[in-house]
Amino acid sequence: MDSRSRGKRMSTVVTAAASSSTTSTTTAKEAPVPANNVEKKKPGRKSMAVTAPAAARKRSASPPKRKPSPARKASPARRASPARKASPARKASPGRKPKAATTVTKAPEPVKISPEEPRRSQRIRASEEKVDSVLQTLKKSPVDKRLSTILDDAEVSGIMAGRSSSLSKSMTPNVSRRSNAITPTTATDRSRVTVSRSMSVLQDYSDNEEEGGGDHFQSFRRTNDNGIGDKSHGQRALSRPPLHEQQVEFGGALGAAALLLALPLFAFATNHFCSGAHRDCRFVVPKSWTEFGTLSTYVNREIGALYALLVFGVALLTGLPIGKQVMLANDSYQKTTLLFNGLLVAFGAGLSAFVAEYCYKYPLLSVVSRGYNQLLVLSLLTALAVALVAFVKARNVTGMGMANPYAKSGNFLVDFFAGREINPTVLHVFNLKLITYHVSMVLALLFNGIILYRNLHFAALPDQLVGAPLQERLLYALQHLTCEPVPVAAAGLTLLYLLDLLVFEHHMAASFELQQEGFGAQMLLRYAILPFALTLLPKYVAAHKLTDVPLWAVGGCVAVALVGLFVKRAAMQLKYLYRLNPLGEKVACLETYPTFQGRRLLVAKWWRLVRQPNYVGDVLQNVALLPLLYWRFAWPPLLAVLFTVLVLVHRAKRLNLRNAQKYESSWVRYCNAVPHLLVPRVY
């Protein structure tokens, strides 16, 4: 039965005949009134009781008479109706003899109708109209047909008043299978509309494990490209204001100012007291402050020229159209294409260093080793200068996917530290974020390569092999190669960590680093400090050799680093493949968790254990060398390692907070399914 016909109410107009001293002849002349004198109440018409005589009513052209149904004739309630029995217009049933003409009909008293009846009918009518309007809204709105939504009277009233926000907050994702039919019901005191839909486990929506942004509520949308988004959806997303437009991170202006001072001081102090005359690597109060007052402690002309050539060469190599091309959708469902060629950049830098050292006999390794602290200061100053230029350049940047929603506070320190733009480019060719990232990686490779090279001892070639073929000379060198095991293991594991980042650099396309991190002082200072923080522990181990470290301890460090590498790469590979093609053979059957934003969160394999397994592997690789400090402890190397770990943990917490603000109740239920952030059953 239709909801409208079932919800309508019938109002009956009862007409009673007014009789005075009327004779039977007058009654005989009157035409009999049909027995089914029941009038349906029309919408918008008030019900009213009519007590005038039936003869006084104006006769109008009546519609064709409806044939009464047998069920209605046999209704006990209809037969027992007092008003019907007393009606003079009731037809005489067959077989009943009409009364004599002289019979005087006694007029019954009018039927009393409660004064609340018109008011109650009006309430019913208003409720029905609200239900009808909601149904029309649901039919016209492009909501997914597979979501469970329940609207009550309060929400209907909110919709009628223009408050559509209450509707969005009441929607919850439902993964159970239900009917696709819309079955509204109407009650007298309360109207409830239930729209039941279902959602299969293998929906085609992209993963959003590392995605933030400011999207308002969206219903589930089935797209042809499996949740990556189409052009119309991206345009709708651009028209919405960002959710976190006024939110800030890192403690606001006060926190940004403190970090702008603390980060450079921390990096300079930890490296200065482990270099040159401070070989003991201890924090001590200097007896003379003259070394801090001379310009040569911070700046060196030769180091400045080398650093400028390095940045220029890395920028040119990064801009070459050679490498792995990846196309993914950002938070605003706009497809962006990124080119990753970090391995090519590292190979070009290494080849240039080899040519300068062995072909042109330039002592590049010695110059870099002596100017280690000057390189650090130059990197920090360059990071602050580039952050200022990027801040001015991005003053007119708008649109989701380009502007950083956490750098719109209007405060200079906050926006300068966070970065207004996410992926700035120059001439639409040179990606500034990738260039600074490559400079950091190349510096770290150069430092650890020097440490590894200096701890490998090659035997001198005998006279009979001087003119021998190259294969024989290389074979002799490998057979007579000796090394310092602890420094070589420390530098080798660091090189493995860096090479892994460059070989699988394309996995960054689906990472928080490239998708959401603003190009500001925070990120640039971190890139400037990273090569020196990663190198400090191998540099300290190489300076003191640590010959008393047993081989089983070195093997344990290597095992921990390899486990971390495997965990990080397996987790990143899984997420990257799912983001690239959610319907691929390797990821099509992965378990995911739905959200209202049309995205899905991975809840499979490594992503079932913790919410950020890639950070777990990264942390394991960074702490793998810490046991070496047991045989010779020093604070600066320990603090350098803890700095990198703290950066990863803080980033994981930032990402968790952003996802909680974006996905709201969906993220709460996801956290119930995957309760731990980094350490299973602990944290």
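A residue is called buried when its relative accessible area is under 20%, exposed when that area is over 50%, and partly exposed in between, with a 1.4 Å probe and protein chains only as cover. The structure described with these words is a predicted model, in which local features need pLDDT of at least 70, side-chain atom pairs count only at pLDDT 80 or more, and totals for chains, interfaces and linings use all residues. Residues are numbered from 1 along each chain as its sequence is written, and side-chain values use heavy atoms, with hydrogens and water left out.

The charged contacts come first. A salt bridge here is a side-chain nitrogen of Lys or Arg within 4 Å of a carboxyl oxygen of Asp or Glu. By this rule the model has eleven salt bridges.

One of them pairs R282 with D280, at 3.7 Å from N to O. R282 counts as exposed because its relative accessibility is 52%, whereas D280, with a relative accessible area of 44%, is partly exposed.

Another salt bridge joins the side chains of E513 and R651, with an N to O distance of 3.2 Å. This pair links distant parts of the chain: E513 belongs to helix 20 (residues 512–515) and R651 to helix 25 (residues 635–663), 138 residues apart. Helices (H or I, at least four residues) and strands (E, at least two) are DSSP runs, numbered from the N terminus. Both E513 and R651 are buried.

E591 and R608 also meet in a salt bridge, at 2.1 Å from N to O. E591 lies in the loop between helix 22 (551–580) and strand 9 (592–594), and R608 lies in helix 23 (residues 606–609), so the pair ties together parts that are 17 residues apart in sequence. E591 is partly exposed because its relative accessibility is 37%. R608 is partly exposed as well, at 42% relative accessible area. Salt bridges that share partners also form one network, made of E249, E513, E517, R526, R651, R654 and R658.

The surface also carries a nonpolar patch. Patches are made of residues with over 30% relative accessible area and no salt bridge; like charges are joined within 9 Å, and nonpolar side chains (Val, Leu, Ile, Met, Phe, Trp, Tyr) within 5 Å. Accessible areas come from the Shrake-Rupley method with a 1.4 Å probe, and for residues only the protein chains shown count as cover.

This patch covers about 840 Å² and is made by F347, L351, F354, Y358, Y453, F458, L478 and L481. Helix 13 (residues 342–359) gives the largest share of the patch, four residues. F458 sits in the loop between strand 7 (456–457) and helix 18 (470–479), and it counts as partly exposed because its relative accessibility is 47%.
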